[in-house]
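Welcome! Here is a short briefing to read with the sequence and the 3D view open.

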Amino acid sequence: MSEASIRQLSSERASRIHRLEFDEMATVFYAHDATLMPSGGETVRGIDAIREFWRATPKDGLVALTLELLDVEVSGDIGYEVGHFNRTLRPDHGAPFQEHGKYLVVYRAGAEGDWKAVAEMFNSDSRG
């Protein structure tokens, strides 16, 4: 995988999240044994649990998400991306608000040569 491939995969993921295509995004983006470590939440393990996590985000108030990829590195069959995110959340009771944070995604080459995220972590810059 090249740095350009990671940038493209990241862009496709953000587009699918924006369009609320969580099932498709999870299938294309994550490995079956992936781990997701969301801000303020429990660790989520496995593609099915990750898919459920993303399906719940509109109910949790996610309105918009943008990703700013800052750094990409590839070595052999492992790669990673580091970036910032901005998301708009609209709670059931209250005004919408912006949240800014950072994220890290680790990729691994699969047996068929496709690349999937095996670990992702993101957290807010807010102290709260």
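Where does Gly113 lie? Gly113 sits in the loop between E5 and E6; here helices (H or I, at least four residues) and strands (E, at least two) are DSSP runs, numbered from the N terminus. This is a predicted model, in which local features need pLDDT of at least 70 and side-chain atom pairs count only at pLDDT 80 or more, while totals for chains, interfaces and linings use all residues. Residues are numbered from 1 along each chain as its sequence is written, and side-chain values use heavy atoms, leaving out hydrogens and water.

- Gly113 is partly exposed, with a relative accessible area of 49%; buried means under 20% relative accessible area, exposed over 50%, and partly exposed in between (1.4 Å probe, protein chains only).
- Gly113 and Ser10 are 103 residues apart along the chain, and their C-alpha atoms are separated by 17 Å.
- Leu20 belongs to the loop between H1 and H2, and its relative accessibility of 49% makes Leu20 partly exposed.
- The phi of Leu20 is near 65 degrees, a positive value in a residue other than glycine.
- For background, most residues other than glycine have a negative phi.

**Helix H1 against helix H2**

- Helix H1 (residues 3-18) and helix H2 (residues 22-29) pack at an angle of about 160 degrees, and their axes are 8 Å apart.
- Axes are lines fitted to C-alpha atoms, for helices over the stretch in contact, and angles run from 0 to 180 degrees between N-to-C directions.
- That angle makes H1 roughly antiparallel to H2, because angles over 145 degrees count as roughly antiparallel (under 35 is roughly parallel, 65 to 115 roughly perpendicular and the rest oblique).
- H1 and H2 cross in a left-handed way; a crossing is left-handed if the near helix is turned anticlockwise from the far one by less than a right angle, and right-handed if clockwise.
- On the H1 side the contact is made by Leu9, Arg13, Arg16 and Ile17, and on the H2 side by Phe22, Glu24, Met25, Val28 and Phe29; contact means heavy atoms within 4.5 Å.
- These contact residues of H1 and H2 divide into six nonpolar, no polar and three charged.
- For these classes, Ala, Val, Leu, Ile, Met, Phe, Trp, Tyr, Cys and Pro count as nonpolar, Asp, Glu, Lys and Arg as charged, and the others, Gly among them, as polar.

**Helix H2 against helix H3**

- H2 and H3 pack at an angle of about 145 degrees, with 9 Å between their axes.
- The H2 and H3 crossing is right-handed.
- H2 brings Phe22, Asp23, Met25, Ala26 and Thr27 to this contact, and H3 brings Ile47, Arg51, Trp54 and Arg55.
- By class, the contact of H2 with H3 has five nonpolar residues, one polar and three charged.

**The largest nonpolar core**

- A nonpolar core is a set of buried Ala, Val, Leu, Ile, Met, Phe, Trp, Tyr and Cys residues joined through side-chain atoms within 4.5 Å.
- The largest one has 26 residues, and Ile17, Phe29, Tyr30, Leu36, Ile50, Trp54 and Tyr107 touch the most other members.
- At least two residues of this core come from each of H1, H2, strand E1 (30-37), helix H3 (47-55), strand E3 (62-75), strand E4 (78-89), strand E5 (97-109) and strand E6 (115-124).

**Buried residues to look up**

- Tyr30 is placed in strand E1 and counts as buried at 3% relative accessibility.
- Not counting residues up to four places away in sequence, Tyr30 touches Met25, Leu36, Ile47, Ile50, Trp54, Lys116, Ala117 and Glu120.
- Tyr30 and Leu20 are 10 residues apart in sequence and 16 Å apart in space, C-alpha to C-alpha.
- Arg13, found in helix H1, is buried, with a relative accessible area of 3%.
- Beyond four places in sequence, Arg13 touches Met25, Phe29, Leu67, Glu81, Tyr103, Val105 and Glu120.
- Thr35 is in strand E1 and is buried, with a relative accessible area of 15%.
- Phe122 is in strand E6 and counts as buried at 9% relative accessibility.
- The C-alpha atoms of Phe122 and Leu67 are separated by 11 Å, and the two residues are 55 residues apart along the chain.
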